[in-house]
Amino acid sequence: MSDSKNTTLKSVDWFPRSTVRAEEGVVGALVKLAIGLAVGGVFFAFGARKLAIVVWVLAALIGLVSIASKRARTGIVKFFANAGFFIGRWLTVILLVPVHLIGFTAARLLTRLSGGDPLHLRDVDRPTYWLSCDSDARKVRHIRAMYTTEAATPAGRRLLPFVAGALGLLLSAEIVLRLMGFGDPVIYRVDAASGYYPAPNQDVSRSGGRTVINEFGMRSPPVKDPKPEGELRVLMIGDSTLFGGSYIDQDDLYSRRLESLLQGKANGRPIEVISIGVNGWGPFHKLGYLEKYGTFNADIAIVCLPYGDIYRPLSGLEGKPYLPENARPTFALQEVVHHLLWRAQTSTIGPLSEADKDYHARRGIKAYLELGQTLRDAGSEVFFAVLPSRAAGLTGEQPADERRRVAELTEAFRVEGFTVDYPTELFRSSRAGGRKAAEIYHDEVHLDREGHRLYAEWLSERITTSSQRFNKNNRASKGDTPSSGSLPGSLRRGGGL
Amino acid sequence: MNILGISALYHDSAACLVQDGRIVAAAQEERFTRKKHDPALPNNAILYCLREGQVPSGGIDMVVFYDKPLTKFTRLLSTYSEVAPAGMKSLLMAIPVWLKEKSLIPYHIERFLKKSGYGRPRDFLLTEHHHSHAASAFYPSQFQEAAIITVDGVGEWTSTAIGVGEGHSMRLLFEQRFPHSLGMLYSAFTYFTGFRVNSGEYKLMGLAPYGEPKYVDLIKDKLLTIREDGSFHLNLEYFGYLDDLKMTNHRFTELFGGPPRKPETDITVREMDLARSIQAVTEEIMLKMARYTRVVTGKRHLCMAGGVALNCVANGKILHEKIFDDVFIQPAAGDAGGALGAALYAWHHILGNPRTVDGVHDSMRGAMLGPSFPREQIKRFLDDNKLPYHDLPDGERNEYIAKAVAEEKVVGLFQGRMEFGPRSLCARSIIADARSTKMQSYLNIATKFRESFRPFAPIVLEEDAASFFEMGCISPYMLLCDQVLPKRCVPQTKQTRGLTLKEWVNQPRSDVPAITHVDNSARIQTIDRERNPRTHDILTRFKRMTGYGIMVNTSFNVRSEPIVCTPEDAYRCFMRTGIDVLVLDDFVLDKSAQPAWEEKSDWQKEFGLD
């Protein structure tokens with residue numbers, strides 16, 4: 001009831017007072033707090049830990065203030081209402097404008113092309129404009145539903161619910177996949193020398209893991225240029241086991257952990273670990289990459305491989321699930337469909353025959369020897385680290401093929417004076433200490449977070465005990481690295497060694 | 001069994017309670033919130049109805065909403081896919097409201113009921129919009145069988161429907177679908193002549209008699225095609241409501257030689273002629289539709305509802321043509337009445353409960369379905385505010401009122417339960433002397449603060465109707481227009497074309513000039529002893545004093561204000577306006593005896609413009 005501003009009437013309660021609470025109570029504040037905590041939990045689950053903490057702190061603050069003060073509660077409710085209105089308004093514009101311009105305009109075009117006239121705008125020549133209310137489609141009315149069937153329509157309209165349903169499903173799937181991190185994958189650059197490698201300068205997140213690609217396609221911080229005086233640079237080169245997958249955060253990679261561990265043992269000497277690990281790479285890809293970019297004046301080079309790498313010939317992106325730069329996906333669904341298609345394709349390809357394996361292994365081992373020689377010729381101290389498969393790493397029981405090929409590799413390298421490390425049973429003790437296999441290995445060959453941690457520790461130990469360059473550098477004064485100074489211009493031009 | 005009917009979220013939200021088939025209470029939300037045509041969920045009206053019916057917690061058996069929101073939504077989507085890429089503004093406005101409110105109607109209502117302590121209803125039904133209108137017309141009517149016509153802007157898809165009711169069941173036979181809508185057509189002209197859509201249609205109807213039907217041929221040639229069966233096809237090239245927020249577009253403007261009249265500017269001859277022309281077209285369609293309905297249904301009686309059924313001039317024409325033996329029009333014919341129709345549809349049609357009709361009395365109870373206030377409560381209000389009053393027994397009170405009216409005083413009459421529907425039927429009315437030559441102008445300008453051209457309706461003793469009007473039919477809900485008997489009319493000698501509206505209005509036209517419109521028509525409410533015993537007595541006493549059993553009756557409000565609901569609303573309106581005497585049930589207040597009322601601020605801005 002309105003009130004005069006000047007003459008005021010004493011009002012009586014014309015109607016009993018409503019029992020409905022006009023304002024939000026403490027329960028409402030608690031609900032808001034719970035929602036805030038849950039939202040934070042979602043962020044946390046998806047790996048956005050810092051954001052989760054911010055949300056939790058805000059939720060706790062708002063919740064506590066709301067519980068403590070009615071006035072604050074009212075203010076907060078008002079603030080959220082206004083913010084919600086504002087955000088909603090803009091979201092509406094952002095979401096609906098394309099829907100309207102693309103979706104509805106296309107629908108209009110289709111309707112016109114199919115001769116449909118759902119609003120009866122053009123059928124002016126009918127003898128009567130009355131329509132039957134009880135056509136077959138409308139004889140059954142659902143009194144409890146918010147929707148009722150409508151009069152019989154052209155065939156195209158019958159498909160409308162299905163089309164709408166399908167669009168709804170696609171939209172839902174897109175949203176869910178986006179929340180899971182799809183739609184923004186690491187994309188690759190096709191390259192004649194190395195086959196392919198991650199396109200430079202990317203920063204993406206998925207499944208709780210951040211992936212940052214530097215200017216050379218490495219999952220590493222930018223390479224320091226020029227190489228600082230006195231720095232010990234470690235170049236790691238490998239395949240997907242080194243790349244780590246999107247499920248491992250950048251900071252949890254064994255390459256990144258190795259840098260920290262070595263730094264701790266370097267008596268203050270700067271350590272830089274750079275790593276080029278690319279999914280699906282074999283020895284020829286690695287050779288090609290070094291041919292293109294050189295060895296980055298590395299003091300130590302660690303070639304990381306699971307034994308199966310030796311079977312891989314040089315290849316491009318064909319037959320791989322990765323997307324090239326010029327086909328960056330617009331939708332998350334696009335990425336998933338691409339991956340599913342790849343799976344379907346590869347499922348039709350059988351395993352390599354023993355004869356083929358022998359052929360590829362011979363060539364692969366030879367290529368690795370060439371790789372080692374290349375690195376050595378560039379002045380690096382070279383290590384080969386063969387990551388044992390899940391069975392070998394956890395129990396020491398090597399599958400027959402793995403045992404045979406690692407033996408061939410070791411023998412070939414021994415002849416050329418290269419050290420090959422193959423730490424079977426590396427994780428046996430950790431597993432005995434209560435670690436689950438799933439925490440160490442993500443699958444048969446790739447490590448999970450805990451595996452990365454343990455492998456980094458092992459690599460660190462291996463370098464500090466066996467590397468002459470590391471130990472010499474620790475003893476020697478700064479500046480006696482084999483080739484300190486700026487990166488060669490050829491690197492910048494991508495012109496090889 | 002308690003069935004709660006609800007209409008909401010478009011305009012004129014309302015609630016209605018039906019207990020074991022009996023309409024116990026019904027009210028529009030605007031009366032409580034004091035916002036004209038309030039579209040919000042009718043929380044206040046719901047609470048009032050449940051209290052009036054003394055419904056206990058957990059006692060709501062059924063809530064029935066008056067239309068199908070999602071079907072309506074599909075109509076919106078179909079419209080956008082017909083006009084895209086135009087229609088963006090409309091889409092951006094509509095979709096958020098749909099997502100936030102309209103698609104969640106059952107949730108919002110159930111949540112409110114639970115919060116209010118009434119618990120969750122046992123069942124929640126949703127009728128179709130025109131089924132609700134049809135049910136609101138047929139079930140309360142006095143007819144065992146009847147044809148039904150519903151005409152409004154648009155429901156889900158239907159804009160006009162023909163149906164038939166028999167006993168406790170009813171069904172719709174034929175329909176016209178959006179965007180071909182008589183309501184929309186009328187609203188387009190309402191907009192174009194500078195009045196507000198969904199509110200100013202009755203002003204356009206009141207303006208029509210001032211004009212000439214010079215645009216009828218143009219309208220029928222360019223804007224629509226009418227078939228002999230009353231169906232019609234609009235040429236949407238001239239209308240804006242498919243792809244814009246306006247009712248008409250530039251083609252419409254070109255067709256009628258200039259832009260729409262801006263609200264509150266002078267009304268020109270063009271607006272008068274447009275009003276007259278669209279009224280003529282509307283009447284033609286309604287008459288053809290009624291004839292066709294008579295043929296296809298074979299029924300002798302007609303029930304009508306929907307916003308267009310409030311067009312009392314067209315209704316009067318249908319009655320005058322004697323197409324049907326008798327006609328019942330739902331007093332709350334607009335969307336508010338949908339709440340009542342939805343509840344009755346569930347009780348009779350869905351649950352199969354029989355109707356009891358006597359062929360004479362409808363079950364609307366005079367449309368007095370809103371709140372009333374105990375004598376003690378009103379007395380406390382008057383005493384607390386030290387407001388001088390006379391506490392008179394019925395006879396003296398009625399005599400006092402009749403005498404005041406005879407002395408050309410304006411009386412605010414507040415008695416008993418409030419009306420349901422847009423018309424004031426003497427429960428919340430302003431009454432005055434119909435014989436006075438200055439009364440129409442005085443009431444419009446000094447009391448109601450509204451446009452000077454607008455006519456006033458008469459209340460007349462039912463038994464005297466034939467001595468004032470040509471048809472002399474029973475019209476208890478003020479939904480029919482009739483002509484003042486020629487013998488009572490004054491021959492018009494002066495040329496009226498070219499006069500200002502005020503000059504024209506003030507020309508005497510009959511011996512009851514205040515209720516005689518410029519075409520000698522009047523929108524009649526007949527008063528009978530059964531429905532309105534107190535008003536009947538007032539009129540009888542007035543007749544004894546003056547020889548006239550007729551008075552002016554207009555709604556108890558000012559322009560743009562909802563009709564008063566409580567004694568406090570009534571007192572405030574009384575003090576703000578030119579009303580001389582206020583009657584609050586048994587209490588009579590004289591303006592001259594009241595303490596000074598001061599308002600420095602512009603209180604009329606409180607209600608905005610309608």
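Leu131(A) stands opposite Glu175(B) in β8(B). This is a predicted model: local features need pLDDT of at least 70, side-chain atom pairs count only at pLDDT 80 or more, and totals for chains, interfaces and linings use all residues. Residues are numbered from 1 along each chain as its sequence is written, while chains are lettered from A and ligands numbered from 1 in the order written.

**Where the chains meet**
- β1(A) and β8 (residues 169–177) of chain B run antiparallel, joined by two bridges. Strands pair if DSSP finds at least two bridges between them.
- Helices (H or I, at least four residues) and strands (E, at least two) are DSSP runs, numbered from the N terminus.
- Chain A puts 47 residues into the contact and chain B 65 residues; contact means C-beta atoms, placed from the backbone, within 7 Å.
- On the side of chain A that touches chain B, α3(A) gives the most, with twelve residues.

**The sheet in chain B**
- Five strands form an open sheet in the order β3-β2-β1-β4-β5 (chain B), with mixed pairing.
- β3 (22–28) and β5 (123–126) of chain B are at the edges with a single partner strand each, so one side of each lacks a neighbour in the sheet.
- β1 (residues 2–7) and β2 (residues 14–19) of chain B pair antiparallel over six bridges. Gly5(B) stands opposite Cys16(B) in β2(B).

**Helices on the sheet**
- α2 (residues 43–52) of chain B packs on the sheet and touches β1, β2 and β3 of chain B.
- α13 (residues 336–350) of chain B lies across β1, β2, β3, β4 (62–65) and β5 of chain B.

Terms used. Contact = placed C-beta atoms within 7 Å. Axes fitted to C-alpha atoms, helices over the stretch in contact; angles between N-to-C directions.
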